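Welcome! Please take a look at the model below before reading on.

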Amino acid sequence: MIWRALGYRAAQAGVVAFLVGVLTFLMMQALPGDMAFRIAAGRYGYDMVTADAAAAVRAELGLDRPAWAAFAVWLGDLARLDLGVSVISGRPVWDEIRHQLGASLHLAGAALLLSALIGPPLGILAGLRAGGWLDRGLLVLSSGLRAVPQFLMGLILIVLVSIQLGWLPAAGHGRAEHIILPALTLALGLAAVSARMARDAMAGVAARPFYAFGRWKGLSEGQMLRRHGLRNIGVAMVTFLSLQFVMLVEGVVVVESIFGWPGIGHALVHAIFGRDVPMVQGTALLLGLGFVALNALTDLLTRLIDPREIRA
């Protein structure tokens with residue numbers, strides 16, 4: 001059963017790779033403006049671009065060729081596991097992505113850790129006392145945090161923490177304090193949703209007859225939570241935490257640009273502006289395959305937490 005699920009995910013990865021390549025290529029071709037001029041501006045700077053420089057770029061990269069020919073070349077390279085070369089830097093796309101991916105994973109890991117420390121514990125406590133003051137307060141707080149766009153949350157934290165209080169730098173990379181504000185910007189939105197998910201799952205479990213029976217036997221709240229609560233909400237929480245990766249990808253692109261974090265989202269924005277098609281395709285492909293890999297990992301974890309999934 002597990003091998004069949006993994007085979008399905010492998011086939012899904014192939015479909016995702018093809019669709020991501022097609023869609024990103026078509027969207028890049030549909031962008032307005034002269035692609036050769038944009039690429040030349042990315043190489044030499046907007047102040048140094050001339051018509052001769054744009055013409056040289058057009059001749060070098062063969063931008064006068066039919067679009068389908070360029071896409072066929074990319075598919076051929078992909079079949080050899082080669083993502084091509086950045087038309088801006090001239091370096092292999094994989095080398096560029098590998099450097100930026102490490103910074104993004106560092107930021108995403110810090111955001112997920114903060115989110116896990118804030119959201120689920122509050123949600124579990126609220127679910128154990130559904131309808132209480134903590135439950136009502138958490139509902140108001142989580143709704144407010146989710147209503148604030150991440151770019152606005154980042155700007156609010158910069159103004160309050162960096163400018164007004166002077167506690168942390170507003171942007172940068174290289175020191176431990178540089179990651180706190182961007183990670184917190186991402187974590188607050190994630191924690192708002194995970195808290196409500198944990199609350200609903202815990203409230204549902206706490207209302208079940210077996211939970212009341214455990215209390216009747218004299219088990220403490222801590223024992224009930226450890227023995228019966230956490231495992232029963234585990235599948236829902238693992239599945240939801242995997243979905244938070246989608247929110248992270250959405251937020252990373254914006255947050256990295258606001259805080260000057262040199263990650264894959266920041267690089268993707270610059271690649272789009274510079275019409276660096278191989279870089280955009282490679283980055284989008286990596287993110288798409290990341291979704292597939294995360295879904296496969298989620299399937300395995302839920303089957304381990306709840307063995308009934310294997311027999312289903």
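The model is predicted, so local features need pLDDT of at least 70 and side-chain atom pairs count only at pLDDT 80 or more, while totals for chains, interfaces and linings use all residues. Residues are numbered from 1 along each chain as its sequence is written, and side-chain values use heavy atoms, leaving out hydrogens and water.

**Salt bridges**

Side chains of opposite charge can pair when their charged atoms come close. The structure holds three salt bridges (a side-chain nitrogen of Lys or Arg within 4 Å of a carboxyl oxygen of Asp or Glu).

| Pair | N to O distance |
|---|---|
| Arg98 and Asp95 | 2.9 Å |
| Arg175 and Glu177 | 2.6 Å |
| Arg199 and Asp200 | 3.0 Å |

Arg98 and Asp95 both belong to helix H5, three residues apart; a helix is a DSSP run of H or I with at least four residues. Arg199 is buried at 16% relative accessibility, whereas Asp200 is partly exposed at 43% (buried is under 20% relative accessible area, exposed over 50%, partly exposed in between, with a 1.4 Å probe and protein chains only).

**A buried charge**

Note on methods: Helix = DSSP H or I, 4+ residues; strand = E, 2+ residues; numbered from the N terminus.
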